[in-house]
Amino acid sequence: MEPRRPPRTVSDPKVRQVGFVTPAAAPPARTVSDTAAMPAAGASQELPLSGSSLSPVMIPPPRHDGLSARVTAPVPVPIAATALRLDNLQIRVGSYNQSEVLLGTPPMTSPSSRVEDAVSEFSDDVSASSLYGRTEPDKVGTAFPGRSGDLMPAKSVVAGGSIGGSHTPENPPTTSLVVKTLPGITEKKRGMLEKQHDEAAAPKPLKEKTTKAERRALQEAQRAAKSAAKEGGGADPTNTKKDKVVKPTPQKKDVPEVAASSGKKVDRPLEKERKKEVLPLRMQFDDKHKVEKVKQRAIVNQREAKSRVEFFQRLPQYVHGTQLQELEAKFFQLDAVHPSVYKVGLHHLSGKITGGNARCIAMLLAFKEAIKDYSTPPEKALVRDLNAKISGFVSFLIECRPLSISMGNAIKFLKNRIAKLPLSMSELDAKASIQSDIDRFINQKIIIADKVIVRHAFAKIRDGDVLLTYGLSSVVEMILVYAHEHKKKFRIVIVDSRPKHEGQILLRRLVAKGLNCTYTHINAISYIMHEVTRVFLGAASVLSNGTVYSRVGTACVAMVAKAYRVPVLICCEAYKFHERVQLDSICFNELGDPDAILKVPTHVESYLYGCMDNDNLQLLNLNYDATPSDYVSMIITDYGMLPPTSVPVIMREYDPQNLWI
Amino acid sequence: MTRMDFEVVVLAGGASSNLSPLVSQELPKALLPVANRPVLSYVLELLEGSNLKDLIVVVEGEDAAQLVGGWISGAYADRLHVEVAAVPEGVGTAGALRSISSYLTANDVLIVSGDLVTDVPPGAIAATHRRHGAVVTTLLCSSPVSGPSDSGTSGGKEKAKKPVRHNIIGLDPTRQYLLHMATGAEVEKDIRLQKRILQAVGQMEIRADLMDAHLYAFKRTVLQDILDQKDKFQSIRQDILPYLIRTQLSSEVSRNGLVSSESGSNKSAVQDDLRWLSQHREIAPSTFQDSQPLSLKSQRDDQRSHKCCVYIANESKYCARLNSIQAFSDINRDVIGEASHLSGYSFSAQNNIIHPSAELGSKTTVGPQCMLAEGSKLGDKCSVKRSVIGRHCRIGSNVKIVNSVVMNHVTIDDGCSIQGSVICSNVQLQERVVLKDCQVGAGYIVTSGSEHKSESLARK
């Protein structure tokens, strides 16, 4: 690993040290040549800080007996790997251009004409992911799932290995195997891969025991083969050949979700399956027929805003302020909605409860109330009726405000739990069991998760740091307060933005607690970033390509931080992870009140007063944006600190659906 | 089963003194006809329209209760489930509530005055109440323009001069919280504001153009506690509401309520975390919550405050209370005039309602915004403008009726002129009577040729 570093870094001058070494520890004069010595030093510095019980990179086995289990779980990856891997990561990011060139070529030079098909058949977001995805050569799998179909098995192997430490000399066999099994790979690419392989330390024998993930990967591969066979009776030879290639790779482990979902259909996705995938996605509000249909079902007749920005016409946008009144007026008409759910809906709508965690908790507690008051109607099964009921609640909540991803995940969990209840269970027991499930979810996935994140993040704060945060994130606030209580000496820069001014709430509380704060608006970000040593950001969700979905403006902060070479740490509970892949802020977002951005506090009337009805004027107030994983140094979750590329692993290994038995 | 955890109490009142001579033993206030329908029916239909079908109607006095109960069971037999409760006369609104408070079980109680004529959906108040988790939420509407200002006549000369009973209402800048309320006689005095409340909100908006519509949502536990502890409280508006507003920041009441509601959940660190997380972003528009952390008050203190909220009805909504004779005329005029959707009748092309069984003589004109109920007969050359005429009235020739309310079974002889008056049932007006701004009590006989102006005529 070390030997291959110098040439890389020489090829790109943008290399820098990021591996959580304070400027003092890693003086700016340090050149690439001494990086070889660095990891050890970094690691040794890292160790005492990471606390006696919790290691930042520790990935516990997929048991879920609560915090204690996690704490005492054996550490599969050497602790020193943090420093190592993060260094690597940055360096590879530096080699962006080079690898881009390399990777851009395969589709063109590939002998198989089918590649083009694959490219065209993949939905836009997947194929386009290459533009945004991380471009380290051995993370290709995650970043380029759709670019060249032939590379798929290889990629998944490589990408999957990343979390287990594919860069560390632990499992090079996978890499070598990949190289051999690739039929359509270009010479260039092969050379590169081989080089990597050679560079890696001496190979160890293959693991004999198949892990759960391996078995699953195998199963998936078989399934893919089957579907391929079914699809093309007269499948072209490349296809069948391909299947054969896929099958005999039992080591193809750790297929990330992206690769799995798309990789399954690498060999020409079925029309039917594609449809299945695409259809239930989201309501498209620019489709007039569908909007009509939804309107008929809707509880409240919402007036839609007139002029909408073209790109965002598929998102719901209503005339702000009318919704709440109409919903309130119909208070007594809504039979199906439990009062507590109704209250939560109103709170979401009126903005009294905002923020992923708070909304999710409020919703779950309301559901708990509703379940407490629930009784199965005669001649109906609790499992089905309750699930239908919850669906009704959810559609009401959606009408109040689009669901956050955290809520979506919690609903998925809850419905799954209900569906899995044994039919023979008595109603009382079933209700008690679901209620305790909800409690457990809140407790373990949110409250304890936050505590663990705080501990992890605390290890990254040192005396003399200048920490920057944007907006208002509950976890970040907890981290700052915790660090302050543990006598860390640091300064905080709170960056805020119009129109919500959420940062002021944070500022107010932190100042009251005696923390040293600087408050500025996002316009001044480039100026203030000079002095910052770490950026802590919250997230609404982290998507499986490492994209961070968060309050609008986060991407800007992260980008500036990247330009100034300040590490960006995203704090996000693992329950907010989502398997979706999103490349920009356009395809999925939420529109806020467009009038909110017009209001200027110092002026009673907006500058735009009077031209609001002008057809040429369109206002856009986005609520979220997507931060590409390039700008993220690390994601701190309750399962440890990871590079953004490792998100799929967490999602697979710790999927709550599989975990809660 | 209660809908949305709300129970509804309608306070229908009894024989109100300031409505005499219109109200009598035989005709309690609740049954006063507004556009030939008892005023209570407007409230009941409003509630029915909001899907609230289990109601408790409280009436003062046994006799009145029987009358009201009889009417309700006849008119709403299969539509509403109404329990009529009789309370002794003169106990006041708080007393009336006290006598039925033990029957209340739901989380919140919606209390509606029986003399309210409005189209503001009660659900809106209830939802606002729920949303804020308030102790009390009250409906405020813009004060009605008193007097027949649009009639163009000199009607209500002295009434127009008389200042409208102003309410002084203090709101926070977001107009969601009720901070001060002074009504009637209190307005004459200096306004005293509580320093603590003013400090907590920073800014108070004083409004005199709003009126308390007597539609409240109360938290049941708090209401019951107050009723139990404060025996002397007579009226909701004059005692309970000011008390709650006064004690917003240091309330014994809501603490009791909180204890009872939280007794089930054991307090633990996890609970604290949960609350912290779920209230983390709670940016209540009220500066109440914001100001408290600054003054470094403890969490306990924070809980002790409770909220009094308001729902301010939209300007376009109609909202009026039938609490004076002037209001009675105004409401009658409005219900067949500008707020005609409330009356529930369909208007003819001439913008009036004439029952098919009514008979009109030759050259008789019934103008727009008029109502003529079944069985009434008009002679020749009559003129009716902006008036309501009840059932089975017999009206002779050459009669002018302007801006008036004529109830059932009234006999009006030839050549009478009635302006701006209210004529109750079974009244007989003999020939050439001239009435202007008068009220004629039930069964009274006005002798022929007499002229009255701004008088109240009733049987001794």
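How many helices and strands does chain B have? Chain B has 13 helices and 33 strands. Keep in mind that this is a predicted model.

Let's stay with chain B. The chain has 460 residues, and 54% of them are buried. Now the contacts. Take those with a separation of 6 or more in chain B. Of these, 56% join residues 24 or more positions apart.

Next, a sheet. In chain B, six strands form an open sheet. Read the order with me: 16-19-22-25-28-31. The pairing is parallel. Which strands are at the edges? They are strand 16, residues 359-360, and strand 31, residues 445-446, both of chain B. Each of these pairs on one side only.

Zoom in on one pair. Strand 28 of chain B covers residues 428-429. Strand 28 and strand 31 of chain B pair in the parallel sense, over two bridges. Find B:L429 there. Opposite B:L429 stands B:V446, in strand 31 of chain B.

On to the cysteines. A disulfide is a covalent bond between the sulfur atoms of two cysteines. Is B:C308 buried or exposed? It is buried, because its relative accessible area is 0%, and the cut-off is under 20%. B:C393 also counts as buried, at 0% relative accessibility.

Over to chain A. A:R652 is found in helix 28 of chain A, residues 647-653. This arginine is buried, with a relative accessible area of 7%. Now look for A:A213. A:R652 and A:A213 are 439 residues apart along the chain. Yet their C-alpha atoms are separated by 8.6 Å.

Last stop, the interface. Here 38 residues of chain A are in contact with 34 residues of chain B. The area buried between the two chains is about 3,400 Å². Carbon and sulfur atoms give 64% of it. Which residues of chain A lose the most area to chain B? A:F331, A:F332 and A:K352 do, together 24% of what that side buries. Across this interface of chain A and chain B, the rule finds zero salt bridges.

Terms used: Residues are numbered from 1 along each chain as its sequence is written. Chains are lettered from A and ligands numbered from 1 in the order in which they are written. This is a predicted model: local features need pLDDT of at least 70, side-chain atom pairs count only at pLDDT 80 or more; totals for chains, interfaces and linings use all residues. Side-chain values use heavy atoms; hydrogens and water are left out. Two strands pair if DSSP finds at least two bridges between them. Helices (H or I, at least four residues) and strands (E, at least two) are DSSP runs, numbered from the N terminus. Buried means under 20% relative accessible area, exposed over 50%, partly exposed in between (1.4 Å probe, protein chains only). Contact means heavy atoms within 4.5 Å. Buried area is the accessible area (1.4 Å probe) that two parts lose on being put together, summed over both. A salt bridge is a side-chain nitrogen of Lys or Arg within 4 Å of a carboxyl oxygen of Asp or Glu.
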